[in-house]
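Welcome! Here is a short tour of a protein model, written for someone meeting it for the first time.

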Amino acid sequence: MAQVFREAKMIVWDECTMAHKRGIKALNRMLKDIRGHNQLVGGVTVLLACDFRQILPVVLRGARADKVKAYLKSSILWSIVKILSLRINMHVYLQRDLRA
């Protein structure tokens, strides 16, 4: 599995908002170690795909405050994330082309 991570050009993490913020920190440490680079996430492009209107991470027996603290946006790595938003619903857009 380490060889796969060494050769990866991009990692897509879907539904990342439900993951604990320690998950992205662990990914960062692991990729730096496996790839032998001290760059952020070992120099790999990581796409965090999510909808921030979805649920918070699961924290067993945790109060709402614990869940908010575990949220990806509260990670120290969040400040370097570049946010891109999709503005066109491609499913609807392509359906229109098929009907015409």
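## Contacts along the chain

A contact here means heavy atoms within 4.5 Å. Among the contacts in the protein between residues at least 6 apart in sequence, 66% join residues at least 24 apart.

## About the model

This is a predicted model, in which local features need pLDDT of at least 70 and side-chain atom pairs count only at pLDDT 80 or more, while totals for chains, interfaces and linings use all residues. Residues are numbered from 1 along each chain as its sequence is written, and side-chain values use heavy atoms, leaving out hydrogens and water.

## Fold and overall shape

The protein has four helices and two strands; these are DSSP runs, with helices (H or I) of at least four residues and strands (E) of at least two, numbered from the N terminus. Starting at the N terminus, the order is α-β-α-β-α-α. The radius of gyration, taken over C-alpha atoms, is 17 Å, well over the 13 Å that the globule rule gives for 100 residues, so the protein is more spread out than a compact globule. That rule is 2.2 Å times the number of residues to the power 0.38.

Along the principal axes, the C-alpha atoms fill a box of roughly 50 × 40 × 25 Å.

## Burial

How much of the protein is buried? Buried residues make up 20% of the 100 residues, where buried means under 20% relative accessible area (1.4 Å probe, protein chains only).

## An annotated region

An unreviewed UniProt entry places the feature "domain: DNA helicase Pif1-like DEAD-box helicase" at residues 2-92; such annotations may be inferred rather than shown by experiment. Over residues 2-92, the chain is 34% helix and 11% strand, with the end C-alpha atoms 39 Å apart.

Conventions. Buried < 20%, exposed > 50% of the residue type's maximum accessible area, 1.4 Å probe, protein only.
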